[in-house]
Amino acid sequence: MILELKNIEKSFGEKKVLTGVSFKAEGGKAFGLLGRNGAGKTTSIRILMDVFPANSGEVLIDGQPINYNKIGIGYLPEERGLYPKKIIIDQLTYFAELKGMSHKAAVQSIDYWLGRLGMTEYRNKRLDTLSKGNQQKIQLITALAHDPDIVILDEPFSGLDPVNAMLLKDVVKEQIAKGKIVLFSSHQMSYIEEFCDSIAILNNGVVALHGDLHDIKRDYPRDRLVVRTETPDAIKADFGSSCTVMENGDLMIRLGSPSEKKTTMTRLVENYDIDEVKVFEPSLNDIFVEYAGDVAQED
Amino acid sequence: MKQFGKILKFELKNYAKNKAFVGVTIFLMVVIAIVMFFPRITALFESDDTSNTTADLSVMLVKADDPTQADMVKETFAASFTDYDVQITDEEISVIKNKITSGDVECAFVMNGATSFTYYVNNLSMYDMNPDIATSVLQQIYQMNAMIGGGMSQEDAAGVMSIQIDAEVESLGKDQMQNFFYTYIMIFALYMVILLYGQMVAMSVATEKSSRAMELLITSAKPINMMFGKVLAACMAGLVQLVAIFGSALVFYNVNKSYWGDNGIIDSIFNIPPELFVYMLVFFLLGFLIYAFLYGAISSTVSKLEDINTAVQPVTFLFIIGFMVVMFSMSSGSVDNILMQICSYIPFTSPMAMFTRIAMSTVPWYEIAISIGILVASTFGIGILSAKIYRVGVLMYGTSPKIGNIIKAVWKA
């Protein structure tokens, strides 16, 4: 199954929020939708979920306009919130039923998920008696209980402790393995990097970068080497201004051109005590700052 | 439709589980029961009290300079004021005043002549009819004396004085007096229920928005289902409450019917003509819905719970103005005045205005049909519009948006 947003345009009043936004997400893979605050991520998600229509453009599933009666969508909004004063099982059942489940199936599925997330003991408690992290797990159930085809998770890891983060990771991997489209939106690049095969970076309502994460990284000019060594000073003296020290203490050597890679590597290994040498690949964080960061000046 | 059913059920359950809602309903039912049992309870006490009633009569003093007049006045007053122990006195006025202020004596009549008196009482009650009774008694005495003095026999004079006039009134339209009370009750019930439930709908929407449950709801359910589900649930809860209260009133009244005697007011309340009852239901439902939609839509644009009251104020004012117009017209007796006629066609006031006119006056059927037609169409229109405002409004956070911006956003959405 392939989800595709095609040339989405959206304005609120005079303000243009999305301009020609297009991206593709595939079933069985996770997709990362990145962008700074106000870049248009939530608006894109809301259009995808038919909360409001786009001014123009299409939302397609396998090339056909999406049929919201057939395609189930699960959503974990960034702004968390359920009914604080209501019993957990009651409100979870309500939300699952709103998505079209029968009462019986809803209760069954919710009981499964409560067990899966270790929340069964809170089943008949009021939501506001739970800790923030546990409330978040309850909210996650609203996104998964009706077994949706598309799972949209907006900042799913914020507020979770490492153990719960691990639990969520397992759940997400499970959903991906089931062939679902998992759409991530997050500022925590490490998680995106861990899960997502492809990404789209939104900047000011425009898709600044879109594609397979590996390809994006490979397409970066391979003209820098990362060197880990016990004798950095000697290498620094040798390479002069083309050698800089990175934050973690490793050295970065800028090459004149990518073709110098082999000769430079040989030179390093033969002359110095080298622990590791490799071509520098930018992290998602670096890519994000490069493509989404320029807005900072405009703000 | 399935989704609408789920929402309706969920919202209704909220009312059933709402302790304040259930508590108020039961409390009102108990109050109604007490009121309806009241005559029976008082009858119970009265039967015990019959033995010592005479001793407890409060004292009314009569002072007249002419002793024959004093005797005559005492005799006639004793006959007219059966609730008092009428006594003649020749004490000074200051002494009489002291007795009244100290509470020994209830009141006193000091005769200044055959056609003049001063009435002394401590606190003059709003309903104190004593001077009026005294006036008419003294008038009769004077007239009797004049007739006898003019040569009439005492019997003839008494016959003239006690002549009975047979009067019969036949109303070809409505009897305003008879219809006044249940019209009043219906208008008042509508007023209470709309303000109360309007607020409840507003609170429910704003709570969902401020707790951010809205983020999930809006992506799970169609706004039109949300809006209609909420408002209809409130409407049904309101009806259940009214049926519980008025139903218990009816039941308890029938249980105690013999004790109420021939109370025309109470009787008229429980004997609403069926066709009027249907009109009442129609106007009640439509009036309720139109305002509940407005309250729901407006509260969806509010970000903080404490801003609701300010936001819904214009609607509340609109409603109160309509209520005032109807109430003043009702008590003035001219329910067909031009203002009422205009209000009968404005959807926000017609539930009260048109119903009052139907109940207390004669309105041609086509006017009723037009009024209901306008009301039905605008209720649906406002329902759909409110769902649109809701969809736009619930996603607006921060300061309350201006009306113009909302209309613009709704127009474009």
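This is a predicted model: local features need pLDDT of at least 70, side-chain atom pairs count only at pLDDT 80 or more; totals for chains, interfaces and linings use all residues.
In chain A, strand 1 (residues 2–12) and strand 4 (residues 56–61) run antiparallel and are joined by five bridges. Within this pairing, Glu9(A) stands opposite Ser56(A) of strand 4.

## The six-stranded sheet of chain A

An open sheet of six strands in chain A has the order 6-7-8-3-9-10, and its pairing is mixed. Its edge strands, each of which pairs on one side only, are strand 6 (73–76) and strand 10 (206–212). From one strand to the next, the twist of this sheet averages 15°. Helix 10 (residues 284–292) of chain A packs on the sheet, where the helix touches strand 3, strand 9 and strand 10, and its direction makes about 25° with that of strand 9.

Strand 3 (residues 30–35) and strand 9 (residues 196–203) of chain A run parallel and are joined by six bridges, with Gly35(A) having Leu202(A) of strand 9 as its bridge partner. Strand 9 and strand 10 of chain A, in contrast, run antiparallel, and six bridges join them.

## The four-stranded sheet of chain A

Chain A also has an open sheet of four strands in the order 12-13-11-14, with antiparallel pairing. Strand 12 (243–245) and strand 14 (274–279) are its edge strands, each pairing on one side only, and the twist averages 25° from one strand to the next.

Inside this sheet, strand 11 (residues 224–229) and strand 13 (residues 251–254) of chain A run antiparallel and are joined by four bridges. Leu225(A) has Ile253(A) of strand 13 as its bridge partner. Helix 9 (residues 261–271) of chain A packs on the sheet and touches strand 11, strand 13 and strand 14, while its direction makes about 175° with that of strand 14.

## The annotated domain of chain A

An unreviewed UniProt entry carries the annotation "domain: ABC transporter" for residues 3–229 of chain A.

## Chain B: overall form and helices

The secondary structure of chain B comes to 17 helices and four strands. Its radius of gyration is 31 Å, well over the 22 Å that the globule rule gives for 413 residues, so chain B is more spread out than a compact globule. Taken along the principal axes, the C-alpha atoms of chain B fill a box of roughly 95 × 45 × 40 Å.

For chain B, an unreviewed UniProt entry places the feature "transmembrane region" at residues 20–38, 181–206, 227–253, 276–298, 310–332 and 368–390. Among these spans, residues 181–206 of chain B are 100% helix and 0% strand, with end C-alpha atoms 37 Å apart. Residues 276–298 of chain B are likewise 100% helix and 0% strand, and their end C-alpha atoms lie 33 Å apart.

Helix 5 (residues 130–149) of chain B has 20 residues and reaches 28 Å from its first C-alpha to its last, which is close to the 28 Å expected at 1.5 Å a residue. This helix is followed by Gly151(B), whose phi is positive, near 110°.

## The contact between chains A and B

Where the two chains meet, 18 residues of chain A are in contact with 15 residues of chain B. Helix 2 (residues 88–98) of chain A gives the most to the side of chain A that touches chain B, contributing four residues. By class, that side of chain A has eleven nonpolar, three polar and four charged residues.

Note on methods:
Residues are numbered from 1 along each chain as its sequence is written. Chains are lettered from A and ligands numbered from 1 in the order in which they are written. Helices (H or I, at least four residues) and strands (E, at least two) are DSSP runs, numbered from the N terminus. The expected span of a helix is 1.5 Å times one less than its number of residues. Two residues are in contact if their C-beta atoms, placed from the backbone, lie within 7 Å. Ala, Val, Leu, Ile, Met, Phe, Trp, Tyr, Cys and Pro count as nonpolar, Asp, Glu, Lys and Arg as charged, and the others, Gly among them, as polar. UniProt positions are given in the numbering used here, feature names are shortened, and annotations may be inferred rather than shown by experiment. Two strands pair if DSSP finds at least two bridges between them. Axes are lines fitted to C-alpha atoms, for helices over the stretch in contact, and angles run from 0 to 180 degrees between N-to-C directions. The radius of gyration is taken over C-alpha atoms; the globule rule is 2.2 Å times the number of residues to the power 0.38.
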